[in-house]
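The exercises below concern one protein model. Please work through each task before reading its solution.

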Amino acid sequence: MEKRRPGRPVGRSDIRDKLLAAARERFLSTPYSKVTTREIAERAGSNLAMIHYYFGSKEGLYQAVLGDVAEPLEQAWQDEGSHRSLNDLLSTYYQVMAPNSELTSAISSALSSEKSPGRDFVLSRLLERQMPQFDALLASMKDNGELNADADPEMLKVSFLSMMWQPFVMKELYEQVFGLKVDEQFMARLANHNCRLMESGLRPNLN
């Protein structure tokens with residue numbers, strides 16, 4: 001008879017999903033520091049041992065929640081991987097990162113503090129998925145003679161990231177200072193504006 005590993009759950013194979021659902025509800029509505037693994041376990045009808053078994057720690061559980069919430073964005077980048085235009089990249093991103101969604105709330109919260117346990121996780125996901133896409137776009141534009149020779153690649157990346165992330169991080173400021181309503185219509189308008197603005201600066205002057 002096979003000996004069971006210590007701490008391995010017996011039956012109730014859905015307990016991981018229940019823990020993840022309970023953690024998602026708490027982490028997306030409450031600051032990380034105010035959430036306890038004990039209350040998450042109780043909500044899931046489980047115990048602390050199962051959190052440690054499946055996720056290792058509170059931080060591991062939080063990162064699992066972020067990964068779960070970010071899945072639509074990851075899928076969108078994968079589906080749109082063949083696109084080779086700035087408009088495609090920004091439009092896809094803005095469509096998925098809808099204002100007031102769980103995704104934007106989770107990412108904004110994770111990036112709000114340098115000590116946030118989700119900060120490095122979000123940034124690594126960002127770099128892994130989005131920067132290669134942008135690098136491929138720049139390489140394609142360069143090969144086709146569509147990229148200004150004076151363009152600074154590093155600064156282009158900074159500009160690109162700012163265009164992608166700032167609307168969600170600065171949402172409240174935009175609404176309070178400029179009186180804008182940051183909704184899907186606004187994001188579509190901003191995507192079009194940013195694409196035209198950046199492409200005009202990227203392309204060589206043919207005059």
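A cavity is, on a 1 Å grid over the protein atoms alone, a set of points where a 1.4 Å probe fits but cannot get out, and its lining residues have an atom within 4 Å of a point. Grid points are joined across faces, edges and corners, and a volume is the space filled by probe spheres set on the points. The model is predicted: local features need pLDDT of at least 70, side-chain atom pairs count only at pLDDT 80 or more, and totals for chains, interfaces and linings use all residues. Residues are numbered from 1 along each chain as its sequence is written, and side-chain values use heavy atoms, with hydrogens and water left out.

**Exercise 1.** Describe the second largest cavity and its lining.

*Solution.* Step one is the count: there are two cavities of 30 Å³ or more. Step two is the lining, which is formed by Phe27, Leu28, Tyr62, Val65, Leu66, Ala106 and Ser109. Two or more of these residues come from each of helix H4 (58-69) and helix H7 (102-111); helices (H or I, at least four residues) are DSSP runs numbered from the N terminus. H4 gives the largest share, three residues. Step three sorts the lining by class: six residues are nonpolar, one is polar and none is charged. Here Ala, Val, Leu, Ile, Met, Phe, Trp, Tyr, Cys and Pro count as nonpolar, Asp, Glu, Lys and Arg as charged, and the others, Gly among them, as polar.

**Exercise 2.** How do H4 and H7 cross, and which residues meet?

*Solution.* The axes of H4 and H7 come within 9 Å and cross at roughly 140 degrees. Axes are lines fitted to C-alpha atoms, for helices over the stretch in contact, and angles run from 0 to 180 degrees between N-to-C directions. H4 is therefore oblique to H7, given that angles under 35 degrees count as roughly parallel, over 145 as roughly antiparallel, 65 to 115 as roughly perpendicular and the rest as oblique. Tyr62, Leu66 and Val69 of H4 meet Glu102, Leu103, Ala106, Ser109 and Ala110 of H7, where contact means heavy atoms within 4.5 Å. This contact has six nonpolar residues, one polar and one charged.

**Exercise 3.** Which orientations does helix H9 (residues 153-169) take to H7 and to helix H6 (residues 86-96)?

*Solution.* First, the axes of H7 and H9 come within 9 Å and cross at roughly 95 degrees, which means that H7 is roughly perpendicular to H9. Thr104, Ile107, Ser108 and Leu111 of H7 touch Trp165, Phe168 and Val169 of H9. Five residues of that contact are nonpolar, two are polar and none is charged.

Next, the axes of H6 and H9 come within 11 Å and cross at roughly 20 degrees; the two helices are therefore roughly parallel to each other. H6 contributes Leu86, Leu89, Leu90, Tyr93 and Tyr94 to the contact, and H9 contributes Phe160, Met163, Met164, Trp165, Pro167 and Phe168. The contact of H6 with H9 has eleven nonpolar residues, no polar and no charged ones.

Note on methods:
1 Å grid on protein atoms, 1.4 Å probe; cavity = no way out; pocket = protein on both sides within 12 Å on 5 of 7 lines; lining within 4 Å.
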